[in-house]
Every structure is written in structure tokens, then in C-alpha cells.
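Subject: Handing over a structure, with notes

Dear colleague,

I am passing on the structure below and would be grateful if you could look through it with the notes that follow.

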Amino acid sequence: MKFTEYFVTMRQRPDRAFIQLDWIQRVIDHPVREIVQSDGRIRRWAPIQEMEGRHLRVILLPDATTVHNAFFDRTFRP
């Protein structure tokens, strides 16, 4: 898995440090929704059962492999 410097910096925040890499990989591999933004970045969501089914949003660069951001999306509705 590749990461942007932004992701590495954001991952140090206390509200994101607990997000496990295997959860991110799960979202990348098995999203319940995917949206391609106008800038080419890809948003993917999937529920994380270990977090009571909350949906993790992962933002990928246009190459679809580099993780730019990951966070639990409180506004996502399946």
C-alpha cells in the first residue's frame, strides 16, 4: 500500500491513529460505494464491523492505489 505525505501526517492525529491498515485495504478491495471526483481522486466507503458498522471513507489518488486520506464518515448513508 502506498501513501501520500498528507495521509502520513493526518494519521498522526489522535482521531485517526487507531484506523488500522487492514481496514483501509478492506475498503479499497470491497467498497459499498465508489465516487470519482472531478480531480480524478477516488472515494470509497465500506462498513467496519469492528467499529460497530461505521463507514470508513478512503480517498485514493487517480492511480487507484495511493491512499490520500482515510476517516470515518459520519454523514455517509448506504
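A search of the whole structure finds seven salt bridges, where a salt bridge is a side-chain nitrogen of Lys or Arg within 4 Å of a carboxyl oxygen of Asp or Glu. Please keep in mind that this is a predicted model, in which local features need pLDDT of at least 70 and side-chain atom pairs count only at pLDDT 80 or more, while totals for chains, interfaces and linings use all residues. Residues are numbered from 1 along each chain as its sequence is written, and side-chain values use heavy atoms, with hydrogens and water left out.

One of the salt bridges is between Arg 26 and Glu 50, whose side chains meet at 3.0 Å, N to O. Arg 26 lies in helix H2 (residues 21-29) and Glu 50 in the loop between S3 and strand S4 (54-60), so this pair ties together parts that are 24 residues apart in sequence; helices (H or I, at least four residues) and strands (E, at least two) are DSSP runs, numbered from the N terminus. Arg 26, at 26% relative accessibility, is partly exposed, and Glu 50 is partly exposed as well, with a relative accessible area of 46%. For these words, buried means under 20% relative accessible area, exposed over 50%, and partly exposed in between, with a 1.4 Å probe and protein chains only.

Another salt bridge joins the side chains of Glu 34 and Arg 44, at 2.6 Å from N to O. Because Glu 34 belongs to strand S2 and Arg 44 to strand S3, the pair ties together parts that are ten residues apart in sequence. Glu 34 is partly exposed, with a relative accessible area of 41%, whereas Arg 44 is buried at 13%.

A further salt bridge is formed by Arg 57 and Asp 73, with the closest N and O atoms 2.7 Å apart. Here Arg 57 sits in strand S4 and Asp 73 in the segment after S5, so parts that are 16 residues apart in sequence are tied together. Arg 57 is buried, with a relative accessible area of 16%, and Asp 73 is buried at 9%. Salt bridges that share partners also join Asp 22, Arg 26 and Glu 50 into one network.

The strands named above belong to an open sheet of five strands, which has the order S1-S5-S4-S3-S2 and mixed pairing; two strands pair if DSSP finds at least two bridges between them. Strand S1 (2-3) and strand S2 (33-36) stand at the edges with a single partner strand each, so one side of each is left without a neighbour in the sheet. S2 pairs with strand S3 (residues 42-48) in the antiparallel sense over four bridges, and Val 36 stands opposite Ile 42 in S3.

Turning to the aromatic residues, the count comes to four aromatic pairs, where rings of Phe, Tyr and Trp (its six-membered ring) pair if their centres lie within 6.5 Å, and planes under 30 degrees apart count as stacked, over 60 as edge-to-face and the rest as tilted. Phe 3 and Phe 7 form a stacked pair, 4.8 Å centre to centre with 15 degrees between the planes; Phe 3 is partly exposed at 30% relative accessibility, whereas Phe 7 is buried at 5%. Trp 45 and Phe 76 form a stacked pair too, 5.0 Å centre to centre with 20 degrees between the planes. Since Trp 45 lies in strand S3 and Phe 76 in the segment after strand S5 (66-72), that pair ties together parts that are 31 residues apart in sequence. Trp 45 is buried, with a relative accessible area of 3%, and Phe 76 is buried at 6% relative accessibility.

There is also one aromatic cluster formed by Phe 18, Trp 23 and Phe 72. The charged end of Arg 54 sits over the ring of Phe 72, 4.6 Å from its centre, the rule being that NZ of Lys or CZ of Arg is within 6 Å of the ring centre and within 35 degrees of the ring normal.

Finally, Thr 65 lies in the loop between S4 and S5 and is partly exposed at 41% relative accessibility. The C-alpha atoms of Thr 65 and Phe 3 are separated by 8.5 Å, although these residues are 62 residues apart along the chain.
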